[in-house]
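Hi,

Here is the structure I promised to pass on to you. Have a look at it first, and then read on for what turned up in it.

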Amino acid sequence: MPQRLPSSLLPLLRCLADGRFHSGEVLAERLAMSRANVCNLLHQAESLGLAIHALRGRGYRLAHAADWLDADRVRGALGARAAHFTLRIVDSVDSTNRALLEAAQRGAPDGTVLAAEHQFAGRGRRGRAWQSALGGSLAFSVLWRFDAGIAALGGLSLAAGLAVARAVNRHSRHRAGLKWPNDVLVGHRKLAGILVEVQGDSEGPSLAVVGIGLNVRLPPAQREAIDQAVVDLAEMGVTCGRNTLLAACLAELHDVVVRLRRDGFRALRAEWEAHHAHAGAPVTLTLPDARTLHGIAAGVDERGAFLLTDDSGVTRAFHGGEISLRPRRRQP
Ligand code: BTN
């Protein structure tokens, strides 16, 4: 059963952020613990997938320099837009979505962000678990409050995907696209997933927690535990670092939420379609009752519903996060 990290692990890993060797003795002294404790903690980090080199006489170093999350650096990269957010970074939590929903119940304000270095029970769409890697993922959630009822939040999930694709594309040579409703793909492999959880009345007010998980550098064991094709920023050659990336995602999320509140999803529809990874392709939809439907992906409507054109040329709209979509090979 995965668990919260020991409280002294992240402070120790932060001492190793530069990717250089640090002696066990110096680390132990800095953190007021024994050398055996340093050694045990680093073993635990390795078991979570973090690559660490240990060399007799030189000490320990991270195989890849780590950009541990730092609230001041995120705020610095956000500039004036930092005023829209209340940012909290924690070392370890079960799920940032669950914890932020709880904070929302206690009155957390619009724009509250919870980011975690480590999630031990990350939640994915359709009741699945979400795998993230210590130092090799970005996992965060943002709380947005709306005057409107939950019905008006239909396009939020797609808008969030668009925001993440924009943020990645600012830093990447490989263009990120979107799979309805909001998976971020690069070359048909999944780079990021988004889970939107909403609460409120049909008349409003309402709130949404938008949770984003992004693959930065996935260790081999984690990749094997994921039952679909995945890609990470390291293999895409993106070197901007997690703090910069988090700030870019927050800035773009703020932009799409402002537009959504003012004009609805229709204002973002054309841009979403320009990122659509399956536009005009044959696809299969699996509905919540397990029925499957085949057709051609015809885009999205003004509320963010998926448009499927069947063999007889009829186009129908499908809503809801419980629907799954997969590309289908064209018949020869
Ligand atoms: C998906 O299944 O594609 C959605 C994955 C969403 C994962 C993120 S990680 C941060 C936030 N906290 C969670 O527990 N889930 C979301």
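This is a predicted model: local features need pLDDT of at least 70, side-chain atom pairs count only at pLDDT 80 or more; totals for chains, interfaces and linings use all residues.

A polar contact here is a pair of N or O atoms within 3.5 Å. A polar side-chain atom of Lys190 sits 2.7 Å from one of the ligand's oxygen atoms. Of the 410 Å² of accessible area that the ligand has on its own, the protein covers 97%. On the backbone side, a polar atom of Arg123 is 2.6 Å from an oxygen atom of the ligand. Thr96 takes part through its side chain, where an N or O atom is 3.0 Å from a ligand nitrogen.

Which residues come closest to the ligand? They are Ser95, Gln119, Arg123, Arg125 and Lys190, out of 20 residues that surround it. By class, this shell holds 10 polar, 6 nonpolar and 4 charged residues. At least two shell residues come from each of α5 (96–105), β5 (137–146), β8 (189–200) and β9 (206–215). The biggest share is that of β8, which gives 4 residues.

One more residue to look at is Arg4, in the segment before α1 (9–15). Is Arg4 buried or exposed? Its relative accessibility is 52%, so Arg4 counts as exposed, the cut-off being over 50%. Leaving aside residues up to four places away in sequence, Arg4 touches Ser92, Val93 and Phe120. With Ser92, a polar side-chain atom of Arg4 lies 3.0 Å from the backbone oxygen. Arg4 and Ala221 are 217 residues apart in sequence, and their C-alpha atoms are 19 Å apart in space.

Enjoy exploring it!

Best wishes

Key:
Residues are numbered from 1 along each chain as its sequence is written. Side-chain values use heavy atoms; hydrogens and water are left out. A residue is near a molecule or strand if one of its heavy atoms lies within 4 Å of it. A polar contact is a pair of N or O atoms within 3.5 Å; within protein, one must be able to donate a hydrogen and the other to accept it, and residues adjacent in sequence count only if both atoms are side-chain atoms. Accessible areas come from the Shrake-Rupley method with a 1.4 Å probe; for residues, only the protein chains shown count as cover. Ala, Val, Leu, Ile, Met, Phe, Trp, Tyr, Cys and Pro count as nonpolar, Asp, Glu, Lys and Arg as charged, and the others, Gly among them, as polar. Buried means under 20% relative accessible area, exposed over 50%, partly exposed in between (1.4 Å probe, protein chains only). Contact means heavy atoms within 4.5 Å.
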